[in-house]
Amino acid sequence: MSPSLRPACPDDLDALCRLELESFEGDRFNRRQLTHLLTRAHATTWVVENKSGRLLGYGTLLFRRNSRSARLYSFCVHPEARGKGIGRRIAERLEQESRERALQKLILEVRADNRRAIGLYRRLGFLPRRWLDDYYSDGCAAWQMDKVLEPEDAVGLVVAG
């Protein structure tokens, strides 16, 4: 049985905190921030869990009122689960959610030294748009990347002329 993808709920808080701790050395979300994302933010969070219920990854999209863009705000795959398509599944679901909301663009920031994540985002159609010096707390730079979302009904249409 493959890992399952589902919307996150407040009961996932402890597992999300563990996942952040096990996945990142710095710039990780704390319990208060994760609580806000799950319960009060204008956001959606999706998780992937294995058959025993262990969280393998999650992603959060932030929405701004009256905006046609969403921000991929938090994205995390456990180190032991990387390279197995989990990140792709989460990102594709978040993109689907954005399309369902008729949004036109996804935006994210990624550590400049995280080649694996940059590669995934590029394969998913994100393009680097802006270099952000000294973006992370350890001084690492970031790339701001985005993806323009074409309306699904326009994909594959050929205009006769």
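The legends below describe close-up views of a predicted model. Local features need pLDDT of at least 70 and side-chain atom pairs count only at pLDDT 80 or more, while totals for chains, interfaces and linings use all residues. Residues are numbered from 1 along each chain as its sequence is written, and side-chain values use heavy atoms, with hydrogens and water left out.

**View 1. Helix α3 covers residues 86–100.** Helices (H or I, at least four residues) and strands (E, at least two) are DSSP runs, numbered from the N terminus. The expected span of a helix is 1.5 Å times one less than its number of residues, so the 15 residues of α3 should span 21 Å, and the end C-alpha atoms are 21 Å apart, which agrees. Among the buried residues of α3 are Ile86, Ile90, Arg93 and Glu97; buried means under 20% relative accessible area, exposed over 50%, and partly exposed in between (1.4 Å probe, protein chains only). Just after α3, Ala102 has a positive phi of about 60°.

View 2. Rings of Phe, Tyr and Trp (its six-membered ring) pair if their centres lie within 6.5 Å; planes under 30 degrees apart count as stacked, over 60 as edge-to-face and the rest as tilted. The whole structure holds 5 aromatic pairs. Trp131 lies in strand β6 (residues 127–132) and Trp143 in strand β7 (residues 142–148), 12 residues apart. Trp131 is partly exposed because its relative accessibility is 40%; Trp143, at 29%, is also partly exposed.

**View 3. Tyr135 and Tyr136 form an edge-to-face pair.** The ring centres are 5.0 Å apart, with 80° between the planes. Tyr135 is partly exposed at 35% relative accessible area, whereas Tyr136 is buried at 15%. Arg111 lies over the face of Tyr136, 5.2 Å from the ring centre; a charge sits over a ring if NZ of Lys or CZ of Arg is within 6 Å of the ring centre and within 35 degrees of the ring normal.

**View 4. Arg101 and Phe63 meet as charge and ring.** The charged end of Arg101 sits over the ring of Phe63, 3.9 Å from the ring centre.

**View 5. Phe75, Tyr121 and Phe126 form a cluster.** Ring pairs link these three residues.
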